[in-house]
Amino acid sequence: MKIRDVLLSNYGKASSIPSAVNQMMTDFAVGFRDGIDINLGVGYVNENTIPRKLIQNAYEAILANPEKYRASLNYGGAQGSPNLIKSIKTFLINNQIDGITQDTFSQRDVVIGANGATSLLESITHLLPTGIVVTADPMYYIYSNDLERKDFTVIAIPEDNEGLQTDLLREKLNALGSEKEDIQFFYVVTVNNPSCTILSNHRKKTIVEIVTQLSYEVGRKIPLFFDNAYSDLVHDNTVEQLKPAFLYDEIGIVYEIGTLSKIIAPGLRIGYLIGPKGAFLNSIIQRTSDIGFSAPLINQEIASYLLDNEIEAQIQKVNNEYRRKALQVKTWIHELLSENLQECRGGSAGFYYYLTLANTKTDTTSDFFKYLTRTTGNEEIDGPKGKPHPKVIYIPGEHCAHPSGEMVDIGKRQLRISYGFEELPQIHAALKHMKDAIGYCNQKM
Ligand SMILES: Cc1ncc(COP(=O)(O)O)c(C=O)c1O
């Protein structure tokens, strides 16, 4: 008897095929040779920035103090560990972020995600009605892909070197006319991934003003989520100090998302959301309960202990490390690629450079990509079968530019390279391979 396969929901169907980036990373991971192949594609942090010893000490201190860290190997409450929530508030107040005081938390609360900032972003997609989401172009491809699989319509507004362009946003909103009613939320990454463009305070304020006005126009509060994943990693001290978006929020629409992944360790999976107390925040807490009760309590307590004890020195150390690499990598980019470089974004925060090549395509069908993944079919370039020359992976801009946005063409000549995970000699080698790849493309033209 014939029997049909498992019936999938639309989301299930969309998720049954790996996203383009996942597929690319999986293909690359299969047969990845440590010490030979070079991965500038992953968003991994640098292993040397992870404070192993401090984490070990924190773990012991927590188990030795069950009065303060109650039942730390048991289940936790869905809002998150009270110790951690208190530590995050104190960290933000003490971090000399202009404008964050005890009073900031009289109307707002902190909730901890079940599994990093990612789980909070994912929860939003279940708690708000499906509709339009507005973000910057290039976009954080992981979240945009999640949104699209859940039938949200992503509208991406091109950024310049100050972030999302607010004049273009206004034009877009006007052009939408009555469709504005379908806008469910805004998602803005303050140090953007992939470009590491820092959203200026002025732009941030203007975005809050625009969404406030739009909220009045449609007669309901439209939430505006700022993703601060890299905002503690501004390692260039000539950059203005980033202000919290709360400062500009008059009606209670601003939510800020933070993570300890980049400044402590992604493996702890600690992300948090701060926003106005109310129905939306309550729904996030319930959702956290639904998907696993809370982040592992022991990890939350470790995070709390580290925030209370060692965080300033740790952040300094992490930033020194990325600063050193950012400067060196920039010199090499200019030395090796300048003949074919139209633009280079990043270098002041986070750990990505976003390059626009003048006349070389970077997408997965391009000769540049094939050269670097050793799939040209030419043995001289690819190396002997079964023993290829070193491969280099990066994130092609085609995955970050919105497919129906204005940056789709230029996106095909862009790429994100990470200087987070790999060490400098490997990054240098990878950039030399990129120079050779450009030479190969020019030859073929
Ligand atoms: C913009 C952005 N948001 C969120 C995250 C994920 O944070 P977490 O590790 O807390 O899930 C990342 C990680 O690369 C990111 O780039």
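**Patch, buried residue, cavity**

Reply: Start with the surface of this predicted model. Tyr59, Leu63 and Leu73 make a nonpolar surface patch of about 290 Å².

Me: Where does Tyr59 lie?

Reply: Tyr59 is part of helix α3, which covers residues 52-63.

Me: Why does Tyr59 count as partly exposed?

Reply: Residues between 20% and 50% relative accessible area are put in that class. Tyr59 counts as partly exposed because its relative accessibility is 34%.

Me: Is Ser304 buried or exposed?

Reply: The cut-off for buried is under 20% relative accessible area. Ser304 has a relative accessible area of 0%, so Ser304 is buried. Its place is in helix α10, residues 297-309.

Me: Which residues does Ser304 touch, leaving out those up to four places away in sequence?

Reply: With those left out, Ser304 is in contact with Tyr69, Asn83, Leu84 and Ser87.

Me: Now the cavities. How many of 30 Å³ or more does a search of the whole structure find?

Reply: The general idea is that rolling a probe the size of a water molecule over the atoms shows where empty space is left. Here the search of the whole structure gives two cavities of 30 Å³ or more. The volume of the largest cavity is about 40 Å³.

Me: What lines the largest cavity?

Reply: Its lining consists of Ala136, Glu159, Gly163, Leu164, Val188, Val189, Asn192, Thr197 and Leu199. The elements giving two or more residues to this lining are β5 (163-164) and β6 (183-189).

Conventions: Residues numbered from 1 in each chain as written. Predicted model: local features only at pLDDT ≥ 70, side-chain atom pairs only at ≥ 80, totals over all residues. Heavy atoms only, no water. Patch = residues over 30% accessible without salt bridge, like charges linked within 9 Å, V, L, I, M, F, W, Y side chains within 5 Å. Areas by Shrake-Rupley, 256 points an atom, 1.4 Å probe, with all protein chains shown as cover. Salt bridge = Lys/Arg side-chain N within 4 Å of Asp/Glu carboxyl O. Helix = DSSP H or I, 4+ residues; strand = E, 2+ residues; numbered from the N terminus. Buried < 20%, exposed > 50% of the residue type's maximum accessible area, 1.4 Å probe, protein only. Contact = heavy atoms within 4.5 Å. 1 Å grid on protein atoms, 1.4 Å probe; cavity = no way out; pocket = protein on both sides within 12 Å on 5 of 7 lines; lining within 4 Å. Points joined across faces, edges and corners; volume = space filled by probe spheres on them.
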